[in-house]
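Dear colleague,

I am passing on the structure below, together with some notes on what turned up when I went through it. Please read the notes with the coordinates open beside you.

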Amino acid sequence: QNMSNKNEENFGYDVEDFETLVIDLEGEDGNTISCPLIDQFEYEEKVYVLAQNPEDDSVYMFRVEGEGEDEELVVPEEEEFDRVAAYYNEVLVDSE
């Protein structure tokens, strides 16, 4: 049976789709890198996703703006990024 319904209630995504979502990011050398999304969480009523670069394991954070077809991923400002990253590291990583 399907074991992955835990996240489905929290988010509008179908989890099975979510696991296959990939963001194409441009690397420093100009090549496109397909980075799978590895996590999604809410903070201060905004939704954030994390994408991991398979080449060097670095992780990128994006804020989800809009809904449905209009959804886009926005790179947070540095100050916002720092707050969200601190929250993620303290609350979400430690609780596992």
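Glutamine 40 has a relative accessibility of 9%, and because buried means under 20%, this glutamine counts as buried. Its place is in strand β2, and although glutamine 40 and valine 64 are 24 residues apart in sequence, their C-alpha atoms lie 9.6 Å apart in space. Please bear in mind throughout that this is a predicted model, and that the values quoted here are computed from it.

On one side, valine 64 of β4 is the bridge partner of valine 47, within a pairing in which six bridges join β3 to β4 and the two strands run antiparallel. Valine 64 also stands opposite leucine 73 in β5, where β4 and strand β5 (residues 72-74) are again antiparallel and are joined by three bridges.

Both of these pairings are hairpins, and the turns may deserve a look. Between β3 and β4 there are six residues, and aspartate 57 in that hairpin takes a positive phi near 65 degrees. The hairpin of β4 and β5 likewise has six residues between its strands, with glycine 66 in the turn showing a positive phi of about 80 degrees.

As for the protein overall, its secondary structure comes to two helices and five strands, and the elements follow one another from the N terminus in the order α-β-β-β-β-β-α. The protein has 96 residues, of which 27% count as buried. Among the contacts with a separation of 6 or more, 24% are between residues 24 or more positions apart.

Conventions
Residues numbered from 1 in each chain as written. Predicted model: local features only at pLDDT ≥ 70, side-chain atom pairs only at ≥ 80, totals over all residues. Heavy atoms only, no water. Pairing = 2+ DSSP bridges. Helix = DSSP H or I, 4+ residues; strand = E, 2+ residues; numbered from the N terminus. Buried < 20%, exposed > 50% of the residue type's maximum accessible area, 1.4 Å probe, protein only. Contact = heavy atoms within 4.5 Å.
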